[in-house]
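Please read these notes with the model open beside you.

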Amino acid sequence: KQWYQRRVAITAGHFWSDSVLNIEVTCGSQKTEENHSGALSVSRRLFSLVVRESIYLNPNLDRNGIKGKLEPSGMVIVTTSGTVHRNSHFVGIFNQAFGLLRDPSVNNNYRIKFTNLSLRSADYLSPSQSNVYSSYPSHLASSTWR
């Protein structure tokens, strides 16, 4: 499992103190955004998505689903795409990008500087399948992400 899928592993220690999380949720023609800054705020929001809202991000683990790039500055950009599930139901797709920098104060290990998470509802599926989305947390997109 990936670090963001393990419920106990999301801590402020994974993030730089000035890290940023941007979440964009799209449902049909409606779009909402959330912005969080600071290691504690970012880690709490990601933890909340996984634990309190029961969101499971299932990344596509093949070469089209996860990509990485090392910038000349040393920043590593990792992108991943996949499906979003809640309570064993498919509810949409996601794209996420991470910017990682080495931290010399912790043995040069990487910490997350930023992450951008885009969630898109599956409302483009046939109407007969729409009943499975009613369990999705409605507050993420002004009651429109189902």
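1. Glu 53 and Arg 45 form a salt bridge through their side chains, at 3.0 Å from N to O. The term salt bridge here stands for a side-chain nitrogen of Lys or Arg within 4 Å of a carboxyl oxygen of Asp or Glu. Both Glu 53 and Arg 45 are buried; buried is under 20% relative accessible area, exposed is over 50%, and partly exposed is in between, with a 1.4 Å probe and protein chains only. The two residues also belong to a network of salt bridges that links Glu 34, Arg 45 and Glu 53.

2. This is a predicted model, in which local features need pLDDT of at least 70 and side-chain atom pairs count only at pLDDT 80 or more, while totals for chains, interfaces and linings use all residues. Residues are numbered from 1 along each chain as its sequence is written, and side-chain values use heavy atoms, leaving out hydrogens and water.

3. Over the whole structure, 6 salt bridges are found. One of them joins the side chains of Lys 113 and Asp 18, at 2.7 Å from N to O. Lys 113 is in strand 7 (residues 109-121) and Asp 18 is in strand 1 (residues 15-27), so this pair ties together parts 95 residues apart in sequence. Strands (E, at least two residues) are DSSP runs, numbered from the N terminus. Lys 113 is partly exposed at 22% relative accessible area, and Asp 18 is partly exposed at 44%.

4. Glu 24 and Lys 31 also meet in a salt bridge, at 3.9 Å from N to O. Glu 24 is partly exposed, with 26% relative accessibility, whereas Lys 31 is exposed at 51%.

5. Asn 87, which is not a glycine, has a positive phi near 50°. Asn 87 sits in the loop between strand 5 (76-86) and strand 6 (89-103) and is partly exposed at 44% relative accessibility. Asn 107 has a positive phi of about 60°, again without being a glycine. The loop between strand 6 and strand 7 holds Asn 107, which is exposed with a relative accessible area of 72%.

6. How high is the mean pLDDT of the chain? The mean is 82, and 79% of the residues reach 70 or more; pLDDT is the predictor's confidence in each residue, from 0 to 100. Residues 1-8 stay under 50, and the model has 24 contacts for them beyond four places in sequence. Residues 124-146 are also below 50, with 54 contacts in the model beyond near neighbours in sequence. A contact means heavy atoms within 4.5 Å.

Note on methods
Helices (H or I, at least four residues) and strands (E, at least two) are DSSP runs, numbered from the N terminus.
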